[in-house]
Amino acid sequence: MVVNIIAGALMAITIPQSTDTTFAVDPGLRLELHNSSGYIVVRTWERNEVRVRADNVFRGGFVVERTSSALRIGARRWDYDDDDIDYLLTVPAAMDLELSSSDGDIRVDGTAGEVTARASDGDVLIRGGSGRVSARTSDGSITAENVAGRIHLESSDGDITVERATGDIEIEATDGTVELWEVEATSVQVDNVDGDIMFDGVLAPRGSYRLSTHDGDISVHIPEGTGARVQLGIYDGDFSSNFSITFPQWPRGRRVEFTLGNGSAELQAETFDGDISLMRRP
Amino acid sequence: MKSLTDKPELTATEADLIDVEFAVSGDTQAFERLYRRHVPRVNSLARWLLSSDDVDDVMQDVFIRAWEKLATFRGKSAFGTWLHRLATNVILRQREKYRSNEKRGLGSSVDVMDARSAPMTPGLKVDIETAVDRLPERARQVFVLHDMEGYKHEEIARELSISVGTSRSQLHHARMALRSFFAG
Amino acid sequence: MSDEWTDKLSAYLDGELSQENRSGLEQHIETCEDCRTALRQLRDVVDWVSEYQGREPERDAWPGISAAISEMKRGVVDLDSRRRSRRRVELSIPQALAAVMALAVVGAGSWWLARETAPQTQMAAVIDVSAPQAGSTVAATIAAAQKYGPAIADLEAVLLSEEGMLDSVTVRVLREQLAIIDRALMEAQEALARDPASDFLADHYTGMMRKKLRLLRGAARQVEVSS
């Protein structure tokens, strides 16, 4: 049975153990889900419906509210020791998502819309996503696959992995490894402090790529024939490459510049304590 | 082969400490004694946290890593405690390799009920270890991590990607399912 | 035996019930035989598994372990690097196949030649080594300190007084991040003291300060949201 919930209405779902409710939604509606504790898993389908399956451990419930622009789902706090709710949602593929959980993972699979995911103590996994994809977690890893658009990923304590992405990528990490695989972005900015950076991808003409870490290695894998102006900075570490580059004496703690091919893109790689390697993709 | 640590007057803990000292200096036979003493529990830990197919490789990985890290054992806790922590880390990392195939359980209170009331062949005595084997995966993992290895619910939640509340309830369900072995 | 109380037995056993619930349960237990029994049995379960010595494995893993240890002693096997290199191998296998096929097309004789000559790529040349004017870099660092210092100090003070508004995970992670960034700042500062003319070090230091500021601002915003 599909439930219709009109704009401005608020519906309280109170269930003993679990529920399975499907709501009809108009295209263009955004989904907002704020979970205080518990995981969120989102899958997609082609229907204009949102299916909510929730498993809450004790006798709490959740509330569904329909505004003019969003379908909002939130926990309802009861006076019990635990009110965790684990959500499994199936939503229209094009639906924009705004998800947050203080204590639990967030996983989104197969979306084509915008995604904003905020976790405090949990991992974030996003497959798909376009337009704007933003994920942040304090203590957990972030994985983004097959994403396109303006991508912003931030983890304080955890690894960040991006696979097959296009668009503009901004990554902020403090303590973890950042890996970008098969990336065809027009701009990439990675700021890390205590961790390695691994970039494997294509440098677009006139694209801008900046990889910076304090205590970590940076390895860059780009195709033969890449055109880029490359600037490197290393304080305490080595540089290696299988591109044909000759250097004059390279004083410690100073930047070096050289050109590959037509020098169209801009690549800047800097580490205080670590090695940098620049390799041709096999 | 008889060794210093086979003496009956030594407690297991003392024997462990001596064998660790020998093993750190490269004595493989001392390390084998540690292995033999601790492998049963590490084996059960691995079997219960993973499906039984994966255990062989993991057991090797656990003890190879223990050999590598042996010098970091300071003797502040019992060797068994140190080894189990290391083993749990290795085993949980192995779990991640197979995670994509794992179905995310949506709370198995119903499953636990079924396991408890599953029709059993009359006359066939099921020992408690088999009962733990038969617990639903999530409940068993939480039970093992919490009650066997002393993990806190926050740590378990993080390792298994579940909420703290789910961890608490799964633990409770597992314990309740096993309590019939202590009836009377 | 009511569900309301049985659900709480495990939490009670682990000392995790709130004061109110604990008193309520203890009161109930005094009058409920079933709950008393259940509690005793749960204790027995916990006692059993914490002392459980385990079961011998079906296959003895020692031969494999012993072999690996021998290899390690010979300096051959490094578990970590074996794991780290796995990922790269996975990625390059299809490209490696393509490379092999390309070589096959070139022909046996020229393959040998191809190995010996330099790979065909644009010859890169070093254009310049950034040689900043001495003194300008020190000035940049001072400017950074002046620009960000007060803002950072203010935010730190706010967070110190409002720490209670944030959950324990956030506080812990924030502290760890600050410790990591402060250590990085200190290392950059020390390096800059030894080489005050380095633009790279000055920019690096400034970048870390900005990151610290972003971090503190983010935490301050969270405090606002929680209050």
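Of the 184 residues in chain B, 54% are buried in this predicted model. The secondary structure of chain B consists of nine helices and zero strands, so that, because helices and strands are taken as DSSP runs numbered from the N terminus, the order along the sequence reads α-α-α-α-α-α-α-α-α.

One pair of charged side chains links two of the helices of chain B. B:Asp16 and B:Arg37 meet in a salt bridge with an N to O distance of 2.6 Å, and this pair connects distant parts of the chain, with B:Asp16 placed in helix α1 (residues 12-24) of chain B and B:Arg37 in helix α2 (residues 28-49) of chain B, 21 residues apart. B:Asp16 counts as buried because its relative accessibility is 5%, whereas B:Arg37, with a relative accessible area of 29%, is partly exposed.

In chain A, pairing between strands was examined around strand β11 (residues 106-111) of chain A. Strand β5 (residues 40-45) of chain A pairs with β11(A) in the parallel sense over three bridges, and A:Val41 has A:Arg107 as its bridge partner in β11(A). The pairing of β11(A) with strand β13 (residues 124-128) of chain A is likewise in the parallel sense and extends over five bridges; here A:Thr111 has A:Gly128 of β13(A) as its bridge partner.

Elsewhere in chain A, A:Leu71 lies in strand β8 (residues 70-76) of chain A and is buried, with a relative accessible area of 0%. Beyond residues up to four places away in sequence, A:Leu71 touches a set of residues that includes A:Ile5, A:Phe23, A:Val25, A:Leu29, A:Leu31, A:Val50 and A:Val64, together with the charged residues A:Arg30, A:Glu32, A:Glu65 and A:Arg66. For one of these residues, A:Leu29, the C-alpha atom is separated from that of A:Leu71 by 6.8 Å, although the two residues are 42 residues apart along the chain.

Over all chains, the count of salt bridges comes to 44. Side chains of opposite charge can pair when their charged atoms come close. A:Glu32 forms a salt bridge with A:Arg72, in which the closest N and O atoms are 2.8 Å apart; the pair links distant parts of the chain, from strand β4 (residues 30-35) of chain A, which holds A:Glu32, to strand β8 of chain A, which holds A:Arg72, 40 residues apart. A:Glu32 is buried, at a relative accessible area of 6%, while A:Arg72 counts as partly exposed at 32% relative accessibility. Both residues belong to a network of salt bridges in which A:Arg30, A:Glu65 and A:Glu98 are also linked. A further salt bridge joins the side chains of A:Arg47 and A:Glu49 at 3.7 Å, N to O, with A:Arg47 partly exposed at 48% relative accessibility and A:Glu49 buried at 18%.

With regard to confidence, the model scores ipTM 0.86 and pTM 0.56. Chain C has a mean pLDDT of 70, and 63% of its residues reach 70 or more. Among the elements of chain C, the highest mean pLDDT, 92, belongs to helix α2 (residues 9-13) of chain C, and the lowest, 29, to helix α7 (residues 108-116) of chain C. Over residues 76-135 of chain C, pLDDT stays under 50, and for these residues the model has 65 contacts beyond four places in sequence.

Note on methods
Residues are numbered from 1 along each chain as its sequence is written. Chains are lettered from A and ligands numbered from 1 in the order in which they are written. This is a predicted model: local features need pLDDT of at least 70, side-chain atom pairs count only at pLDDT 80 or more; totals for chains, interfaces and linings use all residues. Side-chain values use heavy atoms; hydrogens and water are left out. Two strands pair if DSSP finds at least two bridges between them. Helices (H or I, at least four residues) and strands (E, at least two) are DSSP runs, numbered from the N terminus. pLDDT is the predictor's confidence in each residue, from 0 to 100. Contact means heavy atoms within 4.5 Å. Buried means under 20% relative accessible area, exposed over 50%, partly exposed in between (1.4 Å probe, protein chains only). A salt bridge is a side-chain nitrogen of Lys or Arg within 4 Å of a carboxyl oxygen of Asp or Glu.
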